[in-house]
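Here is a short briefing on salt bridges and strand pairing. Look at the structure first, then read on.

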Amino acid sequence: MLRAITGYHWDDVGDPVAELSCGHGQHVRHKPPLFLRPWVTTAEGRASMIGFELDCVRCDRGEPPTDFGRKPE
């Protein structure tokens with residue numbers, strides 16, 4: 001299912017993760033030649049993709065968001 005990017009964070013090894021409107025996260029690495037996403041390398045590039053829709057395979061599988069059921073801090 002297509003879900004909009006709402007923000008970003010970095011995982012434990014420093015790779016960027018897009019935060020999706022469904023509550024899931026999806027890595028958005030720029031690792032040529034496999035992944036060509038030069039926009040993730042700058043703050044301006046990442047900001048330009050807010051609202052862009054990515055296919056969320058976790059939603060396709062019916063998985064709840066990773067923070068599902070947690071109380072906000």
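D15 is buried, with a relative accessible area of 15% (buried means under 20%, exposed over 50%, partly exposed in between; 1.4 Å probe, protein chains only). This is a predicted model: local features need pLDDT of at least 70, side-chain atom pairs count only at pLDDT 80 or more, and totals for chains, interfaces and linings use all residues. Residues are numbered from 1 along each chain as its sequence is written, and side-chain values use heavy atoms, with hydrogens and water left out.

**Salt bridges**
- The whole structure holds two salt bridges (a side-chain nitrogen of Lys or Arg within 4 Å of a carboxyl oxygen of Asp or Glu).
- D15 bridges to R29, with the closest N and O atoms 3.0 Å apart.
- This pair links distant parts of the chain, 14 residues apart. D15 lies in the loop between strand 1 (2-10) and strand 2 (16-20), R29 in the loop between strand 3 (25-27) and helix 1 (43-48).
- Helices (H or I, at least four residues) and strands (E, at least two) are DSSP runs, numbered from the N terminus.
- R29 is partly exposed, at 25% relative accessible area.
- E63 bridges to R61, with the closest N and O atoms 2.7 Å apart.
- E63 is partly exposed at 32%, and R61 is exposed at 55%.

- Four strands form an open, antiparallel sheet in the order 3-2-1-4 (two strands pair if DSSP finds at least two bridges between them).
- Strand 3 and strand 4 (53-55) are the edges, each pairing on one side only.
- Strand 2 and strand 3 pair antiparallel over three bridges.
- V17 has H27 in strand 3 as its bridge partner.
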